[in-house]
Every structure is written in C-alpha cells, then in structure tokens.
Amino acid sequence: MKYPSIPSAQTVVQHCKAKGIKNIVISPGSRNAPLTIGFSEDPFFSCYSIVDERCAAFFALGIAQQLREPVVVSCTSGSALLNYYPAISEAFYSQIPLVVVSADRPPYKIDVGDGQTIRQDDVFLRHIGYSTHLWQDVIHATDRIETYVPQWLHENDLGVIQQSIQDYNDAELNKALHTAITDRLPVHINIPFEEPLYNKLPKASVDASVSSLEFQDTRIDAEVMQQFSSIWNSTKRKMVLVGVNHPNTIEQSFLDSLASDSSVIVLTETTSNLHHQNFFPSIDSLIAPIEKLSDQEDWFKRLQPELLLTFGGLVVSKKVKAFLRKYRPKHHWHVDSLKAYDTFFSLSHHIKTPPNRFFEKLVPLQIPVASGYFDYWNSIRSGYEKRRMQYLKEIPFSDMAAFDISLRAVPQEYQLQLANSSTVRYAQLFDLDPSLKVFCNRGTSGIDGSSSTAIGAALVGKTPTVLFTGDLSFFYDSNALWNDYIRSDFRIVLFNNQGGGIFRILPGMENSQNFERFFETKHTLNAQYLCQMYGLDYVSVKDRDTLENVFEDFFIENNRPKLLEIKTPRLLNNKILLDYFDFISSVFINH
C-alpha cells in the first residue's frame, strides 16, 4: 500500500476512513492526484472514476441516497468544481450527505493568471452545510513557499508551523465530516496542493487527530407531548401530509393507527413510500377536480384541516401547496429531527424528533374523536378511482396511457427512480405496487442528473432498478451513460413526446413557433445511437399493443442494461391529461 507524500492529502484520507466513509467518486485530473492516490491505494475504499463532474456528483448522490451515508466526490482545480453545484444544491435540500473534496492551486497562484484557477474557497457557501479551506502544508515543496511566500516561514520553526497547520486541518475536517453525518448535509473541503503531486511514500507520515461523533438528544418532554395529544384528541379534522420518505422507515402499527382514525385523512405521494388502503395516494386527483367546480370555495372549506401534521421531505403536488396556503390550518406541526420548512405559511411547531419516536409517544395517548372527515372524503376517493379506471380504458395511446401500462409492468420489489417534471407528476396519478421503492430528486426538482442519480443508486441497490424519465431529462444527462458501473439489470423507460410536454398544460401555452422553440423545445431526437455507443440494448414502441407486449422480455435479466423508448403523440398528451380532471370532476358534482 502506498501513500501520497503530501500530509494534508493523507489527513483527509485518514479522517474519511476513521468515519467509515467508504465510497469515493473521482473525476480524473492532475491537481487531485494526491487524493486519488490516497483513496485508490487503500483497499478500505470503493473508488469510482466518472469523467463528467456533474454526472459524477449525481452518481455519488445516488449512492448516498440509497446507503444513507456520506459519499466523497473529488475533482481537480478550476471549473471542474463548479460542475458539482447542481448535485450539491439537490443534496442540500434533500438532506443527502455529499462530501466534496476539491483540489486547489496554492493561494499565491490564484488570480495571478495561472491556468485552471478560480476562487474555489466557499464557492458553494449558500448551499452547503459546512465549507472549509484547509491550510497548505509547509513541509511539502518548501522551496516553492520560500520563493513565493517566504513570510509563511519567518515566524517559527518549520516543524512548529507544520504542526499548527496539522492541528487546524484536523479540527476543520472533524467539523466538516461531523456536519455531513449528523446534519445529513453536503460539505465542501477545499485543499491547496503544490507540486510535485504524484510522489508516494511506503508508510504514512501523518497521524490524524480524529474526534468522536456527538448526536443531539431528540427525545420529547412528556409534558410537551401531553399538550400535543390534547390538541390532537380535540380536533375533528386532521390531515397528515407526507413528502419524500425513505422506504420502510415508518412503523406499520403507526400507519394503521392513523388509517383507522375517522378524524384523519392521510395524503401521500409516490415518493412517500407509504401505503394503506385508507390513504389518499393521488393528491391531484382529489384537488384538481374541485378547482373546476363553480362552488369550489365550499368544497375547499370542507376539505380544510384544522390540524395539519407533516413529515418527510419536499412535496411534489403544487395543488396541495396552493390549497393549504389559501385554506390554512389552525395548527401545522412538522416532525423532523433536523429541519422544518414553513411550506404553507402556517407552521406552528417544529417537533424535533424522528417521526417514529413522535408516533411512539402520541399513539398511546390517542382518544377517538367522533368525526365524518375521513368517511366523507373516502367515498369521493372511491368514486374518482373508479372514474380513473374507466377513463384509462377509453383514451387513445398517449403519455397517460403509456404510464399506466408501464407502471403496472414494473416487477415487484424493484427500485423505481423517477425523473422530474412530467415524469414524477404522471406517476403521482397512479397507485403503485406497495413493494416498489420510489426515489426522485425533489430537493430542487431539476431535470438534470436524474439518470446519473439512478445509475449510482442502482449500483448499491439490493434489488434491480428501473428509471422512468422524460426525453429532455434523458438527453440533458446523456453523459450519465459514460461510465463502467451500469448494472446489467438496470432498465430505463424513456417517454419521448418530442419536447417539454408539461409546458402544454401550464398557463401561457400557445401554438406558435416561438413557444415550440423556447418553451416546449420541440425536437426529433431518439436514443437509439446513444444506446449503441454506450452498450445498452434498445427497443422502441409507439402504440399500445406493442407496449403491452414488450414488457414480457424487457425485465428479463441478460448481460446488458436495456432502454425502452416510448414515443407518444406530442400534440395529444396535454388534452388527455387535462380532460382527465374534467372526467373525474363529475364525482364531486354528483356527491
């Protein structure tokens, strides 16, 4: 085993190892060579090489998303680092612990006209949990320091100066990695390296000082819990809304308790990964039809909760956000040990504990309260679910029909990764098999990086993975396929409607050349030659019968990943989707 000769590189590697951070995603470069040597020479680490830094960061995010532990991304100096930003912002809002370790030029070579230099320190400051710029070692390339910044060496003995540098770097690394682990946030560690960069040592020359982790106490005071239960037990209209939630994290007994309470309706999303026959999984199917009614004010007041309880991450449905912002609850509690967004501008309590711990205390204190809240809205839900089944039988081949067929075809226990924009919103309209584990980058909701995230997630997943993606998201992130880590059982279902079809259902849609070019971004691309270049099996369909038959073979495992491209009619999709909400609105009119 070999070690980089630069002390700060050894220090970073030792801290990561001591904290159990095993997965390292490296984008090739020369300035980060000391880090690459340190990580790749140690068999403790699993190292991956991804050339495109934007893809590399999302690939790492996918691994961290699944393992729920920090993953390192490391790159060279200059603009390479900036390509990490989309994934870092996603990690920040999704509370995923990316550890960004960037190599930098020495500070005396910044802003003097040297190549591949930018101001790297604190470059992610607004979207990072902790940012640090380590000090440059003085016992490495001492002759360069004497030439360019001799004042660094004049105050004391060289060994004393280096020890102060080591102490500072150890302290900063402890803070950064502790933040990543305990706060589940991305952190940025920037390290200046002077040449030579590739020298190795047979033995480590550094013994890093690593401090132990400290976690906050998230227990709830019994008196405070009594106050919460008193409000809960006296409220007749309680709504539970769950955003992004990792699979199998909430005790089933707690879900059963919520589902059996007649004063509670539980709204879930595809990304909530929660299932019960009494839950409401298609929020827009509940709210969108009400928007079309002449007496919508009365309906929304009937639906308005007195108490809103939320947990999980960010919510997909814009309609439920608009509803709850206008028809605000008297109480809004958000349960999370770290963070609470005032999404509906009515947050009254941030209950700083994990949801399971909260329900563990609440459920024994529950007293049934007479209410028709659930029964009333459940009868409406049953009605629009029947109408949806009828509608799907009547519509021609389109995005909505394709999603219905494709989602029903996904084998049990699969991991389902969803791209953003229309993909996740279509998926919201259907009831998924409870065994599926669903993920989507909802932190910033961008279309960038969905494929890269899915490939990283699939790599460490315990079951096979399928990615559902739209055409713009897929082509935007096509470099995601440029790596050696795509599992042979990885599948992509690409819905190609020749543009950003979601813009056709948004306000401002018009049939004009400018709209098609600058909003919808109409195109004629297909994925066939990308699949040929990157070694994926490819199949294309454009009608219902072919699509229903293609899944007989699509999920059968072979020695290569596969992509299914579904081509749908660009100008028909938006009409079918909008007509769906009109079609089911009769349930409300006749109720």
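Predicted model: local features only at pLDDT ≥ 70, side-chain atom pairs only at ≥ 80, totals over all residues.

Biologist: Why are α14 and α20 called roughly parallel?

Modeller: Helix α14 (residues 399-409) and helix α20 (residues 544-554) pack at an angle of about 15°, with axes 10 Å apart. Angles under 35 degrees count as roughly parallel, so α14 and α20 are roughly parallel to each other.

Biologist: Which residues of α14 and α20 meet?

Modeller: Ala-401, Ala-402, Ile-405, Ser-406 and Ala-409 in α14 meet Arg-544, Leu-547, Glu-548 and Phe-551 in α20, contact meaning heavy atoms within 4.5 Å. The residues of this contact comprise six nonpolar, one polar and two charged.

Biologist: What makes the pair of Phe-92 and Tyr-93 edge-to-face?

Modeller: The structure holds 35 aromatic pairs. Rings of Phe, Tyr and Trp (its six-membered ring) pair if their centres lie within 6.5 Å; planes under 30 degrees apart count as stacked, over 60 as edge-to-face and the rest as tilted. The rings of Phe-92 and Tyr-93 have centres 5.0 Å apart and planes at 85°, so this pair is edge-to-face.

Biologist: Why is the pair of Trp-135 and Tyr-168 called stacked?

Modeller: Their ring centres are 3.9 Å apart and their planes lie at 5°, so the pair of Trp-135 and Tyr-168 is stacked. This pair links distant parts of the chain, 33 residues apart: Trp-135 is in the loop between β6 (130-133) and α5 (142-148), and Tyr-168 is in helix α6 (residues 158-183).

Biologist: How do you know whether Leu-274 is buried or exposed?

Modeller: Buried means under 20% relative accessible area, exposed over 50%, and partly exposed in between (1.4 Å probe, protein chains only). Leu-274 has 7% relative accessibility and therefore counts as buried. Leu-274 is found in the loop between β10 (264-267) and α9 (283-291). Not counting residues up to four places away in sequence, Leu-274 touches Val-242, Asn-245, Ile-250, Leu-255, Thr-268, Phe-279 and Phe-311.

Biologist: What do the relative accessibility values make of Phe-92 and Tyr-93?

Modeller: Phe-92, at 16%, counts as buried, whereas Tyr-93, at 30%, counts as partly exposed.

Notes: Residues numbered from 1 in each chain as written. Heavy atoms only, no water. Axes fitted to C-alpha atoms, helices over the stretch in contact; angles between N-to-C directions. Helix = DSSP H or I, 4+ residues; strand = E, 2+ residues; numbered from the N terminus. Parallel < 35°, antiparallel > 145°, perpendicular 65-115°, else oblique. Nonpolar A, V, L, I, M, F, W, Y, C, P; charged D, E, K, R; others polar.
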